[in-house]
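Please find below my notes on this structure, written for a colleague who is meeting it for the first time. The points can be read in order, with the sequence and the model alongside.

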Amino acid sequence: MSLQKSSPFSFIKSISIAKILPILLIIIAIFNSYFIVIEGHVGVVKRFGEAKDQQNPGLHFKIPFIETVELIEVRTRKNAEKMASSTKEQMPVTIEVSVNWTVNKEAALDLFKRYGGLTQFEQRILDPRFRSATKDTIPQFEAEQLIQDRASAIQGIERRLAEEMEGFPVVVDNIQIENIALPQKYINSIEIKQTEKNLAAAEEHKLERQRLEALRAVNTADAEAKGILKIAEAEAQSILLKGKAEAQAIEAKAKALKSNPLIVKLTEAQAWDGKLPTTMMGDGVMPIMDIRDDSK
């Protein structure tokens with residue numbers, strides 16, 4: 001008895017399509033019954049195209065073939081614009097500005113219902129108002145102000161855009177002026193003017209330093225003069241005190257001699273060297289001659 005070999009194709013043909021279809025549908029339904037919302041997004045669940053609710057990051061389940069999910073980013077997004085405008089003195093300027101904005105997480109479902117998603121919201125709402133706020137603000141500043149004080153222009157755009165975006169489910173912040181392009185000849189004139197200001201400031205600083213050095217020299221000389229005066233006053237005071245002390249000593253000595261004459265005799269005795277005088281004058285005119293023998 002011979003055995004007939006079966007091919008894979010004959011095995012597939014032996015399986016009824018009616019038996020495979022339910023299994024395939026079940027597998028597809030299982031894979032379509034859940035969805036994952038990644039971090040930084042919320043999931044808007046749509047049922048037959050109608051937005052029903054929103055889900056936070058994580059694993060969630062939905063009705064297969066009936067419900068679909070669209071992710072809405074709730075992290076900070078950046079929009080940049082490059083536009084032509086003019087300054088207060090009607091000078092043409094090309095300016096590049098950017099704005100950071102964030103969808104209010106709790107209002108993502110409302111944003112989707114009203115605008116159909118982030119792209120349409122940017123194109124229909126945010127970008128036109130951002131351009132309008134920028135073009136209305138830049139002409140309020142002169143070209144030199146824009147170059148040297150961008151912060152004031154940025155604050156002006158922020159205030160205007162905040163008024164324009166009030167009531168929308170987003171938070172707008174951190175506007176930046178990325179670049180300002182003015183005519184080259186005006187840039188050159190600003191650079192020359194700034195150089196002159198820097199030179200003037202340097203000269204002023206030099207003069208101020210010289211003034212301080214002169215003041216310091218005057219203070220030093222004044223201090224030295226005061227020091228010399230103090231020394232002279234101290235020496236004069238010392239001489240005065242010394243003179244007073246000597247005068248008081250002489251006065252005390254005179255009083256002592258006057259009150260006690262024996263002190264004079266004592267002083268003379270202490271000062272005598274033990275030799276008698278060779279000539280002595282008396283009360284009369286006759287002198288006392290020395291008759292002692294000199295040959296001894």
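1. Glu 73 counts as buried because its relative accessibility is 18%, where buried means under 20% relative accessible area, exposed means over 50% and partly exposed lies in between, with a 1.4 Å probe and protein chains only. Glu 73 is placed in strand E5, and such labels follow DSSP runs numbered from the N terminus, helices (H or I) having at least four residues and strands (E) at least two. Glu 73 and Gly 40 are 33 residues apart in sequence, yet their C-alpha atoms are 6.0 Å apart in space. When neighbours within four places in sequence are left aside, Glu 73 is in contact with Gly 40, His 41, Val 103 and Leu 118, contact meaning heavy atoms within 4.5 Å.

2. On the basis of these notes: this is a predicted model, in which local features need pLDDT of at least 70 and side-chain atom pairs count only at pLDDT 80 or more, while totals for chains, interfaces and linings use all residues. Residues are numbered from 1 along each chain as its sequence is written, and side-chain values use heavy atoms, with hydrogens and water left out.

3. As for the overall make-up, the protein chain has 8 helices and 10 strands, and buried residues make up 23% of its 296 residues. Among contacts between residues at least 6 apart in sequence, 67% join residues at least 24 apart.

4. Strand E5 belongs to an open sheet of 3 strands, in the order E3-E2-E5 and with antiparallel pairing, where two strands pair if DSSP finds at least two bridges between them. The edge strands are E3 (50–55) and E5, each of which pairs on one side only. Neighbouring strands of this sheet are turned by 30° against each other on average, direction ignored; the axes are lines fitted to C-alpha atoms, for helices over the stretch in contact, and angles run from 0 to 180 degrees between N-to-C directions. Helix H3 packs on the sheet, where it touches E2, E3 and E5, and the direction of H3 makes about 160° with that of E3. Strand E2 (residues 41–47) and E3 pair in the antiparallel sense over 5 bridges, and Lys 46 stands opposite Ala 51 in E3.

5. A separate pairing deserves a look: E1 and strand E4 (residues 58–61) pair in the antiparallel sense over 4 bridges, with Leu 59 in E4 as the bridge partner of Ile 36.

6. The core draws at least three residues from each of domain 1 (21–73) and domain 2 (76–182), domain bounds coming from an automatic or database domain assignment. Not counting residues up to four places away in sequence, Met 165 touches Phe 121, Ile 125, Leu 126, Arg 129, Val 170 and Val 172.

7. Gln 90, in the loop between E6 and E7, has phi near 65° and counts as exposed because its relative accessibility is 64%. Asn 174, in strand E8, has phi near 55° and is partly exposed, with a relative accessible area of 38%.
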